[in-house]
Amino acid sequence: MTSGNPLRAALVPFLFGGAIPSEAPDWNALGKRWWSHVEFLADDALEGRDTGSRGYAKAAEYVEARFRAAGLKPAGTRGYRQPMEFDVEEIDEARSSLELVHGGSAKPLRFGEEAMFYLTAGAEESVDAEAVFVGYGLAVPELGYDDFADQNLKGKIAVLVSGGPAAMPGPIKAHYQWSYERRRALRRVGAVGMVRIANPKSIDLPWSRMAASRFQPKMELRDPGEDAPAGLPVFVYFDTDRAERLFEWSGHRFREVLDAIEHDRPLPHFPLGARIRSRAAIRRSRVTCENVAGVYPGSDPALKDEFVVLTAHLDHVGIGAPVNGDRIYSGAMDNASGSASLIEIANSLKKSGARPRRSILFVAVTGEEKGLLGSQYYAAHPTVKGTMVANLNMDCFNPIFPLKYLEVQGLEESTLGDDVRAVASGSGIRVQSDHEPERNLFIRSDQYSFIRKGVPALMFGLGFLPGSPEEKIMKAWLAERYHAPADDLAQPVDLVAAAQFNAILERLTLRVADADRRPDWKPESFFRRFVR
Ligand SMILES: [Zn+2]
């Protein structure tokens, strides 16, 4: 125990039912309180909390009221709120087309069945360009790896498979696949578009579900700050199972590519012998939405302007294509759960009367499902004066079985990993690092917005062992409920696991807030590059 607070050190064994069981917290009661927030936020009345929607506004009101009740001080630009503006793009498919053109003939691609547009602010109405297969489409200077080196991509559309070679470290693979990095890399080599085929090794959303989401509005920040995206005229997702179509005139088969992926051989690069012609009818509009921010002030005059930032995204994907007659994507786990944890951690701090040395900033962010936009806006336009020294993010932590393992994204990257190990070891919980690096989770949620500003960060979820019943439960959850209407209040949840998760997060937060030294990236961490 290194928190330097003897009172808190004495309380630790009780937290997880140590020496005196009668003093152990009533996990079930705590879990029920946490669930009561989920019940409000994931109710059908909130219509899936889409960014900019009525439902989101109700959710923001709720969180603001709970932050206030927990004694957090307003930390937005208007009270607890931090409004921001978004550009919105929606596709009108009836007036759009996508064709493969070879010789004199144009073959239409079927929206939803084979392909879909992924709209961005830089999307253009009309593009007609040669298609080139570029393997994983990665350029990683620090590893001397470059999928573009042997190709001229100027004015062409890059067709690529997501993922990367097995030997490439997970964080590097993840970083260079991030949408902004991809778009910049493609623009650098002069490409005018990309067609992305999902790597069968890392599909976590089946094509049907992905295709069903294609009418949901896409958004980008009007004021992203310095870290602005490059515009890419056309961006298409292609179904892995239908991708053979793209290779018809290339002299290659997509099967060869799949085989190379399967056996981890380098992927070939070659022109596809066809052009891709796209006509995208885009409806553009604007919308405003808000982050909700509150602060639990630190007590040390020298450290109170340093902030440990707890985040969870409050938005979800709203109303969409019906599944079994249900159109409301309630997002109970994704991420009413993490938002509820923000509230409960704030409540618990107030109740305990903790006096952390550093300040603790709570931010419920919007726009995560649109590409980490609310957190990006916060990181670019922080509302507190001082330094953000750590970000602890909770997104879809899935308390759907008992908490025995805590999976931590970014565990090996910063001293925060040592902190979480120390906190967990005292509570009989084992810590695991990301066991599915192909899913890119460390850059797929809001912590990445802070990482890109140099702030050490972690993200958390319930872990499990390979081959365990818990792994089966998690896989089934991803297949049936992730980004589906079934991620709702009717699903099984482990209230005790949720309450224990919140307790670990609270202890970790306090440990970081009280430490003599602020967290730092490990010297060898890839993510240290963002520190200025
Ligand atoms: Zn999500």
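This is a predicted model: local features need pLDDT of at least 70, side-chain atom pairs count only at pLDDT 80 or more; totals for chains, interfaces and linings use all residues.
Asp334 and His483 are 149 residues apart, so the pair links distant parts of the chain. Asp334 belongs to helix H8 (residues 332–352), whereas His483 lies in the loop between helix H12 (469–480) and helix H13 (495–514). Asp334, with 4% relative accessibility, also counts as buried.

## A cis peptide bond at Asp334

The peptide bond between Asp334 and Asn335 is cis, with omega at about 5°. Asn335 is found in helix H8. Most peptide bonds are trans.

## Helices H2 and H13

Helix H13 packs against helix H2 (residues 27–41) at an angle of about 90°, and the two axes are 7 Å apart. This angle makes H2 roughly perpendicular to H13.

On the H2 side, the residues that meet H13 are Trp27, Asn28, Leu30, Gly31, Lys32, Trp34 and Trp35. Their partners in H13 are Leu495, Val496, Ala498, Ala499, Gln500, Asn502 and Ala503. By class, this contact of H2 with H13 has 9 nonpolar, 4 polar and 1 charged residues.

## Helices H4 and H5

Helix H4 (residues 170–177) is mostly covered, with 7 of its 8 residues buried. These are Gly170, Ile172, Lys173, Ala174, His175, Tyr176 and Gln177. Their cover includes strand E7 (139–140), helix H5 (179–188) and helix H11 (447–451). In H5, the buried residues are Tyr180, Glu181, Arg182, Arg183, Ala185 and Leu186. What covers them includes H4, helix H9 (373–380) and the strands E9 (157–161), E10 (193–197) and E11 (218–221).

H4 and H5 pack at an angle of about 65°, with their axes 5 Å apart. The two helices are therefore roughly perpendicular to each other, a class that runs from 65 to 115 degrees. His175, Tyr176 and Gln177 of H4 meet Ser179, Glu181 and Arg182 of H5. By class, the contact has 1 nonpolar, 3 polar and 2 charged residues. Just after H5, Gly190 takes a positive phi of about 90°.

Most residues other than glycine have a negative phi. Asp264 has a positive phi, near 50°. Asp264 sits in the loop between helix H7 (254–262) and strand E13 (270–279). With 34% relative accessibility, Asp264 counts as partly exposed.

Asn324 likewise has a positive phi, near 50°. The loop that holds Asn324 runs between strand E16 (318–323) and strand E17 (326–329). Asn324 is exposed, because its relative accessible area is 81% and the cut-off for exposed is over 50%.

Key
Residues are numbered from 1 along each chain as its sequence is written. Side-chain values use heavy atoms; hydrogens and water are left out. Helices (H or I, at least four residues) and strands (E, at least two) are DSSP runs, numbered from the N terminus. Buried means under 20% relative accessible area, exposed over 50%, partly exposed in between (1.4 Å probe, protein chains only). Axes are lines fitted to C-alpha atoms, for helices over the stretch in contact, and angles run from 0 to 180 degrees between N-to-C directions. Angles under 35 degrees count as roughly parallel, over 145 as roughly antiparallel, 65 to 115 as roughly perpendicular and the rest as oblique. Contact means heavy atoms within 4.5 Å. Ala, Val, Leu, Ile, Met, Phe, Trp, Tyr, Cys and Pro count as nonpolar, Asp, Glu, Lys and Arg as charged, and the others, Gly among them, as polar.
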